[in-house]
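I opened my notebook for another quick tour of a model. Here is what I looked up, entry by entry.

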Amino acid sequence: LDNTFTGNVDNEINGNWISAPTGSIHEARLKAKVKRRLRKNSSRDSGRGDSLSDTGDVVRSVVPPTSPKGKLLNRRSRMGKGRGLPKKGGAGGKGVWGTPGQVYDEDKVDVKDPNYDAEQENCVYETVVLPLDEETFEKTVTPIVQEYFEHGDANEVAELLAELNLGSMRGDVPMLAVSLALEAKASHRELTSCLLSELCGCVLTADDVEASFHKLLKELPDLVLDTPGAPQMLGQFIARAVADNILPKSFIDGYKGRVDCEYARAALDRAAVLLRMSRWTGLRIDSLWGSGGGQRPVNQLIKEVNLLLKEYLLSGDTVEAERCLRELEVPHFHHEFVYEAVIMVLESKGNRTLQMILQLLKSLCASTVITVDQLRRGFERVYVDMADLSIDVPCAYSLLEKFVEQSFDTGVIDKKLRDLCPCR
């Protein structure tokens with residue numbers, strides 16, 4: 001019995017029963033060792049189809065390893081169904097409202113909804129703009145008019161005013177515009193007259209314009225404190241408004257014998273005289289204020305510059321010439337004034353014209369009416385045209401050298417500009 005038990009133990013290696021006739025104990029130990037190695041690496045290399053050959057060598061299959069991460073990236077069905085396409089055609093992902101290009105219809109009102117209210121079915125919602133009071137009106141409209149003086153687009157002003165709920169303050173728009181124009185330039189007053197003509201009919205009515213001029217006549221004593229020439233300018237505004245058919249012709253006649261204020265009487269008299277002159281002498285009231293410098297054609301500006309210089313040579317009044325040059329409102333065109341002045345010196349061939357033009361340029365440069373840049377551009381234009389000028393004026397080169405030298409001595413031009421003077 002003991003021999004039988006011992007023999008059974010000898011034939012068992014690591015839980016594996018072997019038969020003595022078919023294999024040796026050494027081969028059984030090798031196979032047991034390989035099995036232990038496989039069990040140890042099973043957690044690390046799961047899915048690798050390792051197997052043993054008949055000789056005991058490990059044989060690895062070519063099946064690629066699989067991991068949980070690889071399974072997540074695989075979009076194919078794990079159940080072996082489908083063609084691997086996106087779920088719901090790509091319309092079922094997170095944050096997706098449907099397939100690309102899908103248009104949803106408006107939701108129909110559910111009558112059985114507990115929150116359904118039949119009275120709200122036909123409601124129309126509108127944005128309510130409160131009417132402007134006096135303080136808000138002035139703060140809102142004043143920047144609009146001042147910006148209009150810069151760009152001159154009346155349509156933009158009409159659009160901005162149409163967005164406001166002017167209410168009872170609509171009739172004060174012309175009054176505010178004229179009050180601002182009285183303190184501005186002549187070109188701004190021309191723009192104001194054009195603005196009133198454009199606004200009447202779309203934003204303003206004829207009654208609004210008439211009520212504004214009535215208020216302006218009453219406010220003249222206060223306007224004169226800031227603008228002494230307000231009565232005459234208001235009279236021109238009235239005459240222009242009558243000529244543009246935004247004021248009735250009976251506006252002036254309605255004040256006859258009923259005006260106590262001397263300023264209002266002066267304004268109405270000025271308007272009546274201008275309208276009378278337009279009927280008798282053909283005065284064009286539509287060009288009463290003139291046009292701004294930037295809006296005038298170049299040929300007209302050149303004629304006005306020549307007329308200004310000729311009047312100066314006759315009168316010799318430097319202050320009046322400076323005032324007329326400022327009223328042209330063309331600081332970017334002052335190089336033309338310098339050019340024409342030097343040309344007059346070359347064509348006159350006299351010392352009197354040379355000295356008067358030199359005195360005028362010195363005064364204008366000292367008062368900074370003519371900048372250094374505009375002065376330089378005017379002289380450089382003369383230098384470039386000397387070849388053509390010498391054909392009409394044979395002694396032009398000698399006269400130019402004399403004028404340039406005296407201009408340098410009096411401080412009108414610098415040494416660099418003097419050295420650029422051409423010679424024959």
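Entry 1: Is A177 buried or exposed? I looked it up in what is a predicted model, and A177 counts as buried, because its relative accessibility is 1%. I then placed A177 on the chain and found it in helix α6, which covers residues 173-182. Leaving aside residues up to four places away in sequence, I noted that A177 touches V145 and T192. I also checked A177 against R189, twelve residues along the chain, and their C-alpha atoms are separated by 9.1 Å.

**Entry 2: the whole chain.** Next I stepped back for the overview. I counted 20 helices and four strands in the chain. Of its 424 residues, 33% are buried. I also looked at contacts between residues at least 6 apart in sequence, and 65% of these join residues at least 24 apart.

**Entry 3: a helix pair.** How do α5 and α7 pack? For α5 (residues 154-162) and α7 (residues 186-199), I got an angle of about 55 degrees and axes 10 Å apart. That angle makes α5 oblique to α7. I noted the handedness too: α5 passes α7 in a right-handed crossing.

Which residues of α5 and α7 meet? On the α5 side I listed A154, V157, A158 and L161, and on the α7 side L195, E198 and L199.

**Entry 4: cysteines.** How many disulfides does a search of the whole structure find? My search came back with zero. I then looked at C202, which is in no disulfide, and the nearest cysteine sulfur belongs to C200, 8.3 Å away. C202 counts as exposed because its relative accessibility is 52%.

With a relative accessible area of 17%, C421 is buried.

Technical notes
Residues numbered from 1 in each chain as written. Predicted model: local features only at pLDDT ≥ 70, side-chain atom pairs only at ≥ 80, totals over all residues. Heavy atoms only, no water. Axes fitted to C-alpha atoms, helices over the stretch in contact; angles between N-to-C directions. Helix = DSSP H or I, 4+ residues; strand = E, 2+ residues; numbered from the N terminus. Parallel < 35°, antiparallel > 145°, perpendicular 65-115°, else oblique. Left-handed = near helix turned anticlockwise from the far one by under 90°. Contact = heavy atoms within 4.5 Å. Disulfide = S-S within 2.5 Å. Buried < 20%, exposed > 50% of the residue type's maximum accessible area, 1.4 Å probe, protein only.
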